[in-house]
Amino acid sequence: MSQIKAVRGTRDLLPPETELWNHIEATARRVFARYAFGEIRTPIFEDTQLFARGVGEETDIVSKEMYTWEDRARAQSEKAQMLTLRPENTAGVVRAYIEHKLGDTGLLQKLYYIGPQFRRERPQKGRYRQFFQIGAEVIGPTSAGSESPLRDAEILEMLGTLLGELGITGWMLELNSVGSAADRPRYVQALREALVDVAATLCADCQRRAVTNPLRVLDCKVPEDQGKINELPKIADFLDEDSRAHFAMVCAALDACDVPYTINPRLVRGLDYYTRTTFEFTHGGLGAQNALLGGGRYDGLSEAIGGPKAPGIGFAMGADRLVLTLQAQAAEGGANNAAILVDVYIAPLGGAQQAQSLVLARELRRAGLRVELGDGTFRLKKSFEMGNKLARKIVLFGEEEAASGIVTIKDFETGEQTKVPRGELADFLSTKHSRFPVARE
Ligand code: ATP
Ligand code: MG
């Protein structure tokens with residue numbers, strides 16, 4: 001029979017890599033809590049209209065990357081609903097904000113999420129069809145300060161801190177302002193006019209974008225187009241006084257906290273709803289898919305999906321790309337990627353010791369150690385081979401050890417053999433001896 005495989009663009013995450021995923025998620029949760037964020041979990045699928053309106057019909061995501069299907073109608077008279085696997089999480093969070101009237105609290109809502117997203121893209125390194133985002137949104141009524149540039153700066157400072165605590169070095173922050181809903185039409189008009197002369201000399205995608213969504217031309221990655229695109233009008237020259245002041249304050253706050261950034265006037269980002277601040281953190285080690293995370297301010301999003309005025313700002317990081325970056329850094333540092341999963345391997349010597357070795361394993365596990373238990377039917381040689389693949393140390397537990405309460409422990413690396421009273425074993429094995437690829441919380 002033919003073998004069934006994971007669907008193209010999806011993958012299984014296996015130990016020990018999942019250890020790294022857990023470390024990333026735990027670090028993010030810890031940092032978010034310190035910045036007064038709470039977790040939100042929205043559904044994996046939503047009404048297709050949410051994304052059409054909240055992300056924008058003209059975006060790549062909505063126009064070609066969504067997994068959409070028609071739900072089964074409950075009654076014949078009922079129109080079947082169109083549903084979509086979420087391609088991103090901001091629209092869902094804002095929908096929940098509106099649906100639960102979170103604005104009525106008068107407080108700023110600081111919400112983070114961790115979960116899978118789905119986009120029908122061409123799979124390649126760092127780009128999958130099911131991928132994972134860690135993101136956060138700050139949204140609320142204007143009276144709660146949701147429009148303040150301080151929120152933008154706080155998020156960017158938090159991201160610098162988070163990447164630092166994850167141990168990611170060498171990131172770059174690119175920053176821009178795309179102006180307010182009032183600035184944008186004037187800029188788009190100027191862009192359209194400038195493109196009349198140039199568009200025909202650009203790539204086919206740009207020729208299409210010049211008509212449907214001129215801002216997207218700035219996103220073009222085709223090398224031959226870059227010179228001409230750099231000559232196009234810059235959004236910075238079209239910002240009104242408020243947008244300019246907002247951006248200046250964001251930059252000043254980042255300077256005060258020593259968060260390094262560069263201003264990239266072409267950074268408009270993929271989603272239609274962005275206003276004012278947009279940003280991206282990139283990493284050189286990622287190759288073509290170099291964006292670790294992206295985000296921006298979306299002051300009109302809530303209204304675009306039928307809610308009250310609720311300015312906000314947020315970001316989404318690609319967890320898959322964080323993993324790739326940390327793995328690349330570890331490989332550079334010569335880290336051992338061996339599948340060391342446990343602190344100790346217990347080898348029961350003979351079938352008669354099986355039950356008591358489970359008791360010993362329980363003692364150590366209750367003391368917080370990671371323990372794998374061998375089997376009483378294994379010969380000593382086999383126990384050593386199996387143990388060496390999983391752990392740094394092996395405990396031999398035979399008839400003599402059970403009787404005397406003193407066990408023999410052997411370190412695979414040094415070859416050192418020690419006799420330790422059973423009651424002191426947990427201390428002896430405590431974390432400073434462990435060889436996990438990732439530091440534990
Ligand atoms: P890209 O330019 O890489 O396509 P994007 O602008 O589409 O990114 P966003 O929609 O802003 O990305 O998503 C935020 C982050 O989510 C990205 O910076 C990236 O790290 C991650 N991401 C987006 N799409 C994918 C994907 N298909 N596979 C893995 N990670 C992804
Ligand atoms: Mg994309």
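A polar contact is a pair of N or O atoms within 3.5 Å. The model discussed here is predicted.

Q: Which residue has a polar backbone atom 2.8 Å from a nitrogen atom of ligand 1?
A: The closest residues around ligand 1 are R119, E121, R127, Y128 and R269. A polar side-chain atom of E121 lies 2.7 Å from a nitrogen atom of the ligand, whereas the pair separated by 2.8 Å uses a polar backbone atom, and that atom belongs to Y128.

Q: Which element gives the largest share of the shell around ligand 1?
A: The elements that each contribute two or more residues to this shell are β6 (130-139), β10 (291-297) and β11 (312-318). The largest share, amounting to four residues, comes from β10.

Q: How many charged residues does the shell around ligand 1 have?
A: In total, 15 residues surround ligand 1. Divided by class, the shell has six nonpolar and four polar residues, and the number of charged residues is five.

Q: What distance separates the centres of domain 2 and domain 3?
A: The protein chain is divided into domain 1 (17-182 + 240-332), domain 2 (183-223) and domain 3 (340-429). Taken over C-alpha atoms, the centres of domain 2 and domain 3 are separated by 67 Å.

Methods. Residues numbered from 1 in each chain as written. Chains lettered and ligands numbered in written order. Predicted model: local features only at pLDDT ≥ 70, side-chain atom pairs only at ≥ 80, totals over all residues. Heavy atoms only, no water. Near = heavy atom within 4 Å. Polar contact = N/O pair within 3.5 Å; in protein donor to acceptor, adjacent residues only side chain to side chain. Nonpolar A, V, L, I, M, F, W, Y, C, P; charged D, E, K, R; others polar. Domains from an automatic or database assignment.
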